[in-house]
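Colleague: Can you take me through this model? I have a few questions and will jump around.
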Amino acid sequence: MNVRNQVSLAALCQELPKSDDLPAGIDLGPLANEMSKLWERSIRDIDEGRVTEWGAVLALDSKGNLRLVNAVEGDSNGVMINAAVEEDCTFVGTFHTHPYEDGTTGMAFTGADIASMINSGERIAIVQSGEYVFACLRTPETPPSVDRLTLVSWFNTMCRRHFADMMSKQEATLATNLDMCAEYRLAFYYGRVFGSLRKVYVP
Ligand SMILES: [Zn+2]
């Protein structure tokens, strides 16, 4: 087994790594800056009580560079991301933000996010909420598709259960993300945007 210590996000997106080959950490590299700009836009009107999700596509070009393209603004509940990429690029996943009017940060994926990530064939999905970044990675054992309503309903049940166990909403959401990763054979990383993302779970 050859576990690499830390790799760049671009290198990780080249192939679908097996669980044993997943590195201990992911370095977001130059994308950290771009992601943070979209986060800043998400909360630019928070003083007036308005926030908007922003999203973008992760596109790998023929030279192996990873770029954030098709940046788009949604509303406070979500964002529709256009997955079309240029001819010489490969669609590898999506990025979006989770801002809240009350200033809450540190909120990981929703059930709908995870269902969409699996069903649209993403290798990686990334969410930024404040300075916190969460990444879900497909593995070779991840199913090609899931029933969205089943996943979302189970997600919401588990989240309520964790919340009732005296967890904060951030902790309950994170714990539920890990439940989904175990069921759907996804890997999960977590960290701060300008630090390294740490491996939290591999199936
Ligand atoms: Zn989301």
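Colleague: Which strands does helix 2 lie across?
Modeller: Helix 2 (residues 31-42) lies across strand 3 (54-61), strand 4, strand 5 (89-97) and strand 6 (124-129). Helix 2 runs at about 10° to strand 4. Axes are lines fitted to C-alpha atoms, for helices over the stretch in contact, and angles run from 0 to 180 degrees between N-to-C directions. Contact is called when two C-beta atoms, placed from the backbone, lie within 7 Å. Helices (H or I, at least four residues) and strands (E, at least two) are DSSP runs, numbered from the N terminus.

Colleague: What should I know about the source and the numbering?
Modeller: This is a predicted model, where local features need pLDDT of at least 70, side-chain atom pairs count only at pLDDT 80 or more, and totals for chains, interfaces and linings use all residues. Residues are numbered from 1 along each chain as its sequence is written.

Colleague: How many helices and strands in total?
Modeller: The chain has 5 helices and 9 strands. Their pattern along the sequence is β-α-β-α-β-β-β-α-β-β-α-α-β-β.

Colleague: And what order do the strands take in the sheet?
Modeller: The 9 strands form an open sheet in the order 1-2-9-8-7-6-5-3-4, with mixed pairing. Strand 1 (6-8) and strand 4 (66-73) are at the edges with a single partner strand each, so one side of each has no neighbour in the sheet. From one strand to the next, the twist averages 25°. Two strands count as paired if DSSP finds at least two bridges between them.

Colleague: Strand 1 and strand 2, parallel or antiparallel?
Modeller: Parallel, joined by 3 bridges. Val7 has Ile26 in strand 2 as its bridge partner.

Colleague: What about strand 9, how does that pair with strand 2?
Modeller: Strand 2 (residues 25-27) and strand 9 (residues 196-201) pair in the antiparallel sense over 3 bridges. One of the bridges puts Asp27 with Ser196. Strand 8 (residues 186-192) is also antiparallel to strand 9, over 4 bridges, and Phe188 stands opposite Tyr201 there. Strands 8 and 9 form a hairpin with 3 residues between them.

Colleague: Switching to helix 5. Which of its residues are buried?
Modeller: Ala172, Thr173, Leu174, Thr176, Asn177, Met180, Cys181 and Tyr184. A residue is buried if 20 or more other C-beta atoms lie within 10 Å of its own, exposed if 12 or fewer, and partly exposed in between, with C-beta atoms placed from the backbone. The cover over the buried residues of helix 5 includes helix 3 (111-119), strand 7 (132-138), helix 4 (148-164), strand 8 and strand 9.

Colleague: Which other non-glycine residues have positive phi?
Modeller: Asn70 and Met166 are among them: Asn70 has a phi of about 60°, and Met166 has a phi near 70°. Asn70 is in strand 4 and is partly exposed, with 17 other C-beta atoms within 10 Å. Met166 is in the loop between helix 4 and helix 5 and is exposed, with 8 other C-beta atoms within 10 Å.

Colleague: Last one, what share of the chain is buried?
Modeller: Buried residues make up 39% of the 203 residues. Of the contacts with a separation of 6 or more, 60% are between residues 24 or more positions apart.
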